[in-house]
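Please read this report alongside the sequence and the coordinates. It takes up a strand and its surroundings, then turns to model confidence.

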Amino acid sequence: MKINGNNKRRKNTIIISILVLFLFSIGLISCTTINTKGKKSMYNAENGTTSNNSQKSMNNTKGAKDPNNLEKSTNNTEDTKALNNSEKSMDKAEDTKGPNNSANEDALNKTEDTAVPNNSDDFNPYKKDGRKVVYLTFDDGPSANNTPKILDILDQYNIKATFFLIGENAEQNEELVKEEAAQGNVVGNHTYSHDMNYIYSDPKVFMEDIYKCQSVLSSILGKNYNLKLVRFPGGSFGDRLKPFREELIENGYHYVDWNDLNGDAEHNNVSVENLIYTTKKYAIYDHLVVLMHDAPAKTTTVQALPAIIEYFKSQGYSFETLK
Ligand SMILES: [Zn+2]
């Protein structure tokens with residue numbers, strides 16, 4: 001019995017040992033699994049964090065650039081068609097004395113970021129070449145009262161500018177379009193309607209408006225007129241307009257924004273002094289594309305033009321046209 005009892009105890013001990021070993025090894029395996037999973041989830045977390053961050057920063061950029069900018073541009077702009085619009089923008093405008101205008105600064109900063117890369121290398125007015133070049137640009141014309149005066153001033157100084165015309169206005173002022181071109185200025189496309197709610201509703205609609213303006217310009221300037229140079233109403237800035245920029249490029253056009261401006265889009269009758277001040281303030285690059293407006297209400301733009309031209313001459317800039 002004793003021997004039997006000892007045997008039984010041994011057997012029990014062995015069985016218990018095996019069980020303990022078994023449980024221990026299960027424990028080890030599950031620990032390893034947890035560890036592996038733990039590590040994996042850490043990697044995931046890191047990846048996740050990284051991508052989230054970059055997404056966030058992209059979104060931030062988008063957020064900062066897109067809606068604000070478009071709205072500002074919209075408020076800012078530049079509408080010739082109706083004094084109604086001008087009045088609206090006058091209501092909105094806090095008399096900004098030009099220089100402290102944040103809308104201007106936003107537009108300018110964004111220009112630096114976005115103006116160039118979306119166009120082909122063949123067209124880069126900002127490309128450094130050791131020269132000082134200024135491109136004077138006039139949007140929204142022609143205007144019966146101001147275009148002839150602008151042309152006279154340009155002629156007096158023997159310089160050329162680039163006019164971005166609204167198709168509707170071109171139709172109503174055919175002779176002025178011809179005079180602009182005959183004097184050696186460049187005529188570009190600023191859409192037919194300049195109706196931003198309409199043209200920016202869809203890239204196809206936008207292109208149709210571009211084509212419509214193009215056919216008006218061709219009908220006035222002749223079939224040899226084939227310049228495919230566009231200025232977006234309100235500027236091309238922001239992610240919201242990305243599909244529109246792409247659509248334009250895909251269809252063989254190119255576009256230009258600006259990196260200097262006289263601030264005449266803020267409201268009508270910005271003082272001559274402020275127009276000159278703003279233009280000088282932002283004239284910090286060797287290659288400048290200057291945004292101005294040729295619209296019925298922009299009479300001070302005409303008055304400020306000689307002093308602005310004199311300033312660029314005094315700073316050693318040569319005057320060229322965009323292509
Ligand atoms: Zn415009």
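Which residues point one way from strand 2 (residues 162-165), and which point the other way?

## Strand 2 and its side chains

In this predicted model, Thr 162 and Phe 164 point to one side of strand 2, whereas Phe 163 and Leu 165 point to the other, and all of them are buried.

## Neighbouring strands

Strand 2 pairs with strand 1 (residues 133-139) in the parallel sense over 3 bridges, and Thr 137 stands opposite Thr 162 of strand 2. Between strand 1 and strand 2 the chain passes through helix 4 (residues 147-157), in a β-α-β crossover that is right-handed.

Strand 2 also pairs with strand 3 (residues 186-189), again in the parallel sense, over 4 bridges, and here Asn 189 of strand 3 is the bridge partner of Leu 165.

## Leu 165 and the nonpolar core

Leaving aside residues up to four places away in sequence, Leu 165 touches Gly 141, Pro 142, Ala 170, Val 177, Val 187, His 190 and Leu 217. The largest nonpolar core has 51 residues, and those that touch the most other members are Val 134, Leu 165, Ala 170, Leu 217 and Val 290. In soluble globular proteins, nonpolar side chains tend to be buried together.

## Confidence of the model

The protein chain has a mean pLDDT of 76, with 63% of its residues at 70 or more. Over residues 19-106 the pLDDT stays under 50, and the model has 71 contacts beyond four places in sequence for this stretch. Residues 109-117 also have a pLDDT below 50, with 15 contacts in the model beyond near neighbours in sequence.

Technical notes
Residues numbered from 1 in each chain as written. Predicted model: local features only at pLDDT ≥ 70, side-chain atom pairs only at ≥ 80, totals over all residues. pLDDT = per-residue confidence, 0-100. Contact = placed C-beta atoms within 7 Å. Core = buried A, V, L, I, M, F, W, Y, C linked by C-beta atoms within 7 Å. Buried ≥ 20, exposed ≤ 12 C-beta atoms within 10 Å, placed from the backbone. Helix = DSSP H or I, 4+ residues; strand = E, 2+ residues; numbered from the N terminus. Pairing = 2+ DSSP bridges. Right-handed = clockwise from strand over helix to strand, strands pointing away.
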